[in-house]
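Here is a short report on one protein chain. Keep the coordinates open while reading.

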Amino acid sequence: MTSLDALVIPDKYPRAATYDPQWMVDNCMGPNPLWLLEDLSRDCTFRPGMKVLDLGCGTGMTSIFLAREYGVEVWASELWFPAEDNAARFDQAGVGDQVHAVRAEAHDLPFEPEQFDAVLSVDSYHYFGTDDLYLGYLSRFLKPGGQLSIAVPSLHRELRELGGAPAHLRSGVGWEILAFHTPEWWRFEWEQTGLVEVTASRAQSDGWLDWKLWCEVCAEHSPDELVRQHSRAEIPMLDTDRGELLTFALVTGRKNGSSE
C-alpha cells in the first residue's frame with residue numbers, strides 16, 4: 001500500500017509539501033497538479049497583484065496555490081464544475097477575496113481584451129490548445145509582454161515518427177494520446193504564429209515517476225471511484241513505458257509587443 005505521505009516531497013517540491021495530501025487527492029482531476037505548477041513556476045514570474053487566468057483549473061487546486069504562494073489575483077476558469085462549487089472551495093481555503101470562480105468553455109471566455117498579466121494552464125491545455133488557431137484566440141486576453149505557461153502530458157518523440165501510438169499508450173489513455181506532443185512541437189507551434197516568444201520549453205526528466213506515484217496514491221486513497229479507475233488504468237502504461245516516451249512538457253512564452 002502506498003501511503004498518502006508519499007506525496008510530501010519537500011526536497012523536490014517544497015511549496016506543495018505544505019499542503020495536505022488527502023486534500024490534494026480529494027480534489028484530483030489529473031496527475032500531480034501542484035507539483036507541475038511548482039516546477040513550471042521556475043520558468044515564470046509571479047508578483048503580488050498580478051492578474052492571472054488559470055485556464056481549465058478543475059477543482060481549483062492550482063488557483064488556490066497561485067493565490068497563497070505568489071499573492072496574485074486569479075480568475076479560475078473551468079467548464080466541468082459549477083462556479084459556486086469552486087467559489088466555496090476558495091472561501092474555505094481562505095482565498096475567496098483573491099480567486100474569482102468562472103464557469104466557461106475554453107473557446108468562449110468571458111474576459112476583456114488584454115485583461116491578464118499571465119495565463120496559466122496545468123494538465124488541461126492539450127484538450128483544446130492543439131488547435132492551430134487557438135493561440136490566436138487566447139492571446140487576445142493577454143497583455144503585451146504577458147506570459148503564457150502550460151504543463152501538459154508529453155512525449156519524448158512524436159507519434160508520427162513512431163508510425164502511430166504504441167499499444168501500451170493506447171491501453172492507458174486511449175485515442176486521447178493523439179493530443180500528447182513533445183516540448184519541441186509546442187515551441188514550433190507557438191513561435192510560428194509570431195504571437196509569442198517561447199522563453200522555456202522543456203521535458204521533465206523523471207516526469208513519468210511523479211505521474212506513477214500520483215496514480216498509485218490516488219488508486220488507493222481517492223474517494224472518487226472514477227479517479228481510482230483511471231489511476232489504476234495508467235499505472236501499467238507507465239510501468240511498461242518507464243519514461244521512454246511519457247513525461248510532462250513545461251512551456252512558457254511571452255506575448256510579443258511592449259508591456260508599456
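The report goes from the whole chain to its cysteines and then to one helix and the loop after it.

## Overall build

The model is predicted. Its chain holds 10 helices and 7 strands. The radius of gyration is 18 Å, close to the 18 Å from the globule rule for 260 residues, so the chain is as compact as a globular protein of that length. Along the principal axes, the C-alpha trace spans about 50 × 45 × 35 Å.

Buried residues account for 56% of the 260 residues. Take the contacts between residues at least 6 apart in sequence: 76% of them join residues at least 24 apart.

## Surface and charge

Side chains with a charge number 21 positive and 41 negative. The centres of the two sets lie 2 Å apart.

## Cysteines

How many disulfides does a search of the whole structure find? The count is 0. Cysteine 44 is in no disulfide, and its nearest cysteine sulfur, that of cysteine 57, is 17 Å away. For cysteine 57, the closest cysteine sulfur belongs to cysteine 28. That sulfur is 14 Å away, too far for a bond. The cut-off for a disulfide is a pair of cysteine sulfur atoms within 2.5 Å.

Are these two cysteines buried or exposed? Cysteine 44 is buried, at 13% relative accessible area. Cysteine 57 is buried too, with a relative accessibility of 8%.

## Helix 3

Helix 3 covers residues 61–70. Of its 10 residues, 8 are buried, so the helix is largely enclosed by the rest of the structure. The buried set runs Met61, Thr62, Ser63, Ile64, Phe65, Leu66, Ala67 and Tyr70.

Glycine 71 follows helix 3. Its phi is positive, near 70 degrees.

## Valine 72

Valine 72 sits in the loop between helix 3 and strand 2, which covers 73–78. Its relative accessibility is 1%, so valine 72 counts as buried.

Which residues does valine 72 contact, leaving aside neighbours within four places in sequence? Two of them, Leu66 and Ala67, are in contact with valine 72 and are also buried residues of helix 3. Phe46, Arg47, Gly49, Met50 and Val52 are in contact with valine 72 as well. Valine 72 and glutamine 98 are 26 residues apart in sequence, yet their C-alpha atoms are 7.2 Å apart in space.

Terms used
Residues are numbered from 1 along each chain as its sequence is written. This is a predicted model: local features need pLDDT of at least 70, side-chain atom pairs count only at pLDDT 80 or more; totals for chains, interfaces and linings use all residues. Side-chain values use heavy atoms; hydrogens and water are left out. Helices (H or I, at least four residues) and strands (E, at least two) are DSSP runs, numbered from the N terminus. The radius of gyration is taken over C-alpha atoms; the globule rule is 2.2 Å times the number of residues to the power 0.38. Buried means under 20% relative accessible area, exposed over 50%, partly exposed in between (1.4 Å probe, protein chains only). Contact means heavy atoms within 4.5 Å. Lys and Arg count as positive and Asp and Glu as negative; His and the chain ends are not counted. The place of a charge is taken as NZ of Lys, CZ of Arg, CG of Asp or CD of Glu.
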